[in-house]
Amino acid sequence: MTGNHRLRLHALLAVNGNHSVSALTRICSLAVMELQVTGVGVTLVSRAGASDAQQRLVHASDAVAARLEDLQLTVGEGPGLAAITSGAPVLVPDLSAARSRWPAFCPDAQSVGAAAMFAFPLTLGAIALGSLDCYRTTSGALSGDHVASALILAEMAFEALLAEVAGHAPDDLGWISDIHAEVHQASGMVMYQLGISMQAALLRIRAYAYAHELAVAVVARRIVDRSLLLDTES
Amino acid sequence: MNDHHEQRLARVFVELADTLVDDFDMLEFLSMLVERCVELLDVAAAGVVLSDHKGGLRMAAASSEQARLVELFAVQADDGPCLDCVRTGVPVYSADLAADELRWPRFAPAALAAGFVATHAVPMRLRRNVIGALNLFKAEPDGVDEASVRLGQALADVATIGMLQQRAIDDNTILVEQLQTALNSRVVIEQAKGVLSAHGGVDMDHAFAALRGYARSHNLRLSALAFTVADGTADLRAIMAGADHPARRAEQ
């Protein structure tokens, strides 16, 4: 199946690694090649407390993709924003058929050349960071294989964004895919116990795991069975 | 099989086929499927895993939120009947898990520890499209009986057709959106369980029961309520107040 898919994409990202260019921008470029779309951009959900610099930073493979991101944020609607809200991909093979769904977005999007858009949320349950938005100048669906690639790339973008928030370089690609129910449960517990956001709770668990050289799943298990209580100093 | 049972069965099939509705919620649909399996089949537990499109399998629904059952599906990311079943597209089973530790070095011990001695996974497929698997568990020896396996496969088949009915002209579009929505909702539910568990000092099973009870009595979608819990906007006290056994506390 797509067992090697993830490894291949991780390897491609590393190979393309010009580290002065952010991981997100590199993921956008990789996505263009892999998905055979015209351009890719990332919509970031601005959060209270996010630095101004992060909010203004545009990650996109080309000017049209950047324009589409701007447009969504300006009119407050579009496939990317819909994906963030639903937590699921929003696949629009033909933007002209979606005009009634996003009347403020579609006409302008089409006028800059987009005919199809495929948005993949950068979310993990209630943790929402943004969306990876792909556009094509020709209409038509995204193939099953390309959808699979896009989901993996979105996961990589999510990891890269979390790393940025936590203030370190993206590493350990794929750690999100290793997460199962107990880690989500532990995130909820830590969120409640420390009065922090779900995103901060997940990062706290991971930081503890790294500091103590334990698997994230092991730390989660201990939190859930209450043999470990993270405090504000952990 | 008596009349009452037959009627019940007929109603369940209709329930599973009735998916062409605007507000179709895949997660609730799959939860209903596993509940019906435990009611109608001679099994101790049931669960559904779905392919996540990224090469992995994720739990979508389980007949109980007991940690040990939920965990069995996380384990099956590495080995287990569901993984084999989805890869091959055919049923995979073990009538004696203690004898199958070599076959499934992670899953078999975990299943035994959870109190199950036999398992049977049937594919959720339509022609070549295998979207996941229905996993049945028994706590007594001798394996899942033939009648239960046949009926389980029939339920899985009807459910799969029901899910794939939602497909539009483009093969993938709606199905991918719905499957991913279900999987993301599942994550939200786990996060919400954690929040409620910490708030109420109860285990995950009871946290889930409180969540579901409140959703039902207030006519809310489980996934929508879970989201409010996970994003910190819900009234946790109100949700826990409806719980059946608030006195059951987690081990300290």
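Predicted model: local features only at pLDDT ≥ 70, side-chain atom pairs only at ≥ 80, totals over all residues.

Student: Which residues go into domain 1 and domain 2 of chain B?

Tutor: The domain assignment puts 3–166 of chain B in domain 1 and 168–252 of chain B in domain 2.

Student: And how many residues from domain 1 and from domain 2 of chain B does the contact take?

Tutor: Domain 1 of chain B puts in 18 residues, and domain 2 of chain B puts in 16 residues.

Student: On the domain 1 side, which elements of chain B supply at least two residues?

Tutor: Those are helix H2 (26–40) and strand E2 (57–62) of chain B. H2(B) gives the most to that side, with 4 residues.

Student: What's that side like by class?

Tutor: The side of domain 1 of chain B that touches domain 2 of chain B has 9 nonpolar, 5 charged and 4 polar residues.

Student: OK, switching to the two chains. How many residues of chain A are in contact with chain B?

Tutor: 38 residues of chain A are in contact with 35 residues of chain B.

Student: Which elements give two or more residues on the chain A side?

Tutor: In chain A they are helix H1 (3–15), strand E3 (90–92), strand E4 (116–124), helix H7 (144–166) and helix H8 (181–194).

Student: Which one has the largest share?

Tutor: H8(A), with 11 residues.

Student: And by class, what does the chain A side have?

Tutor: The side of chain A that touches chain B has 19 nonpolar, 15 polar and 4 charged residues.

Methods. Residues numbered from 1 in each chain as written. Chains lettered and ligands numbered in written order. Contact = placed C-beta atoms within 7 Å. Nonpolar A, V, L, I, M, F, W, Y, C, P; charged D, E, K, R; others polar. Domains from an automatic or database assignment.
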